[in-house]
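Here is a set of questions and answers on a single protein model, meant to be read alongside the coordinates. Please look at the sequence and the structure before going on.

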Amino acid sequence: MEKMRCYIAGAGEFDESTLPKGDDFIIAADGGLLYLHERGIEPDLIVGDFDSLPTKLTDVVAGHPNVIRVSSIKDDTDMMLAVREGLKLGYTEFAINGALGGRLDQTYANIQILTFITSQGASATLYSQYNRITAIKDNSITLNERNTKGKSISVFCAGDSAQGVTLDGLLYPLKNANITNAFPIGVSNEFTDKPAVISVKTGTLIIIWEK
């Protein structure tokens, strides 16, 4: 069976409700291997410098047939390396678990990786126990999840500006607006009982919502 989605496990806050599906290509990004190992999930690929990997996983890495080991002195984070490998393999949809929480700089870096993924014509969602984050570029997205009425959703400009931003189905709508990264006009909106439709004509948006 062809694997349609790339699932990446990172070392941040892990969401137990978002485990790999049977047809996912699974990548462990360094410390994310621990989460997978504890749940009996075998990754298809392990990537990282392994400078902080628990000793008990040394043998797991050594015995795995598909490992990319890199120097700890590098430009890319382990998560970015994992994403690049997924893109090389032709995946256009990414589910990234364990990319939020923990160190703030790493969380911010992983949110930036979302904009990189969209720039490559692919899509991705970051998952944590309480939140979801995705990005869209010159595009639209419809969120129609159950039990979200009253929960928060925020929309931010990822670049200098985003033109033609429209928010439909949310408590505070927006129509064909231009927003910038200097004023968070899209923060703390709320879901209603309608599907949330978010679109941008030109630019990239970061969308954060409660699980």
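Q: In this predicted model, which residue of β11 is the bridge partner of serine 161?

A: The model is a predicted one, and in it strand β10, which covers residues 161–168, is joined to β11 by 4 bridges, with the two strands running antiparallel. Serine 161 belongs to this pairing, and its bridge partner in β11 is threonine 180.

Q: Which residue of β6 stands opposite asparagine 97?

A: β1 and β5 pair in the parallel sense over 4 bridges, and within β5 asparagine 97 is the bridge partner of alanine 9. β5 is also joined by 5 bridges to β6, residues 123–127, and these two strands run parallel. In β6, the residue opposite asparagine 97 is tyrosine 127.

Q: How many of the 5 residues of β5 are buried?

A: Burial here means a relative accessible area under 20%. By that criterion β5 is largely enclosed by the rest of the structure, because the number of its 5 residues that are buried is 4.

Q: What is the angle between the ring planes of phenylalanine 14 and tyrosine 35?

A: A search of the whole structure finds 2 aromatic pairs. In the pair of phenylalanine 14 and tyrosine 35 the ring centres are 4.7 Å apart, and the pair is stacked because the planes meet at an angle of 15°. The pair links distant parts of the chain, with phenylalanine 14 in the loop between β1 (5–9) and β2 (24–29) and tyrosine 35 in helix α1, 21 residues apart. Phenylalanine 14 counts as buried at 9% relative accessibility, and the angle asked for is 15°.

Q: How many residues apart are phenylalanine 25 and tyrosine 91?

A: The rings of phenylalanine 25 and tyrosine 91 have their centres 5.5 Å apart and their planes at 25°, so this pair is stacked. Phenylalanine 25 counts as buried at 12% relative accessibility, and tyrosine 91 counts as buried at 11%. With phenylalanine 25 in strand β2 and tyrosine 91 in the loop between α3 and β5 (93–97), the pair links distant parts of the chain, and the separation is 66 residues.

Q: Which element gives the most to the lining of the largest pocket?

A: The largest pocket has a volume of about 510 Å³, and of the 24 residues that line it the closest to its centre are Ala11, Thr77, Asp78, Arg103 and Gln106. By class, its lining has 5 nonpolar, 11 polar and 8 charged residues. At least two lining residues come from each of α3 (78–88) and α4 (104–119), and the element that gives the most, with 3 residues, is α4.

Q: How many residues in the lining of the second largest pocket are nonpolar?

A: The second largest pocket has a volume of about 370 Å³ and is lined by 18 residues, with Tyr108, Phe156, Cys157, Ala158 and Ile206 nearest its centre. The largest share of this lining, 4 residues, comes from α4. The lining has no charged residues and 5 polar ones, and the number of nonpolar residues is 13.

Notes
Residues numbered from 1 in each chain as written. Predicted model: local features only at pLDDT ≥ 70, side-chain atom pairs only at ≥ 80, totals over all residues. Heavy atoms only, no water. 1 Å grid on protein atoms, 1.4 Å probe; cavity = no way out; pocket = protein on both sides within 12 Å on 5 of 7 lines; lining within 4 Å. Points joined across faces, edges and corners; volume = space filled by probe spheres on them. Nonpolar A, V, L, I, M, F, W, Y, C, P; charged D, E, K, R; others polar. Pairing = 2+ DSSP bridges. Phe/Tyr/Trp six-rings, centres within 6.5 Å; stacked < 30°, edge-to-face > 60°. Buried < 20%, exposed > 50% of the residue type's maximum accessible area, 1.4 Å probe, protein only.
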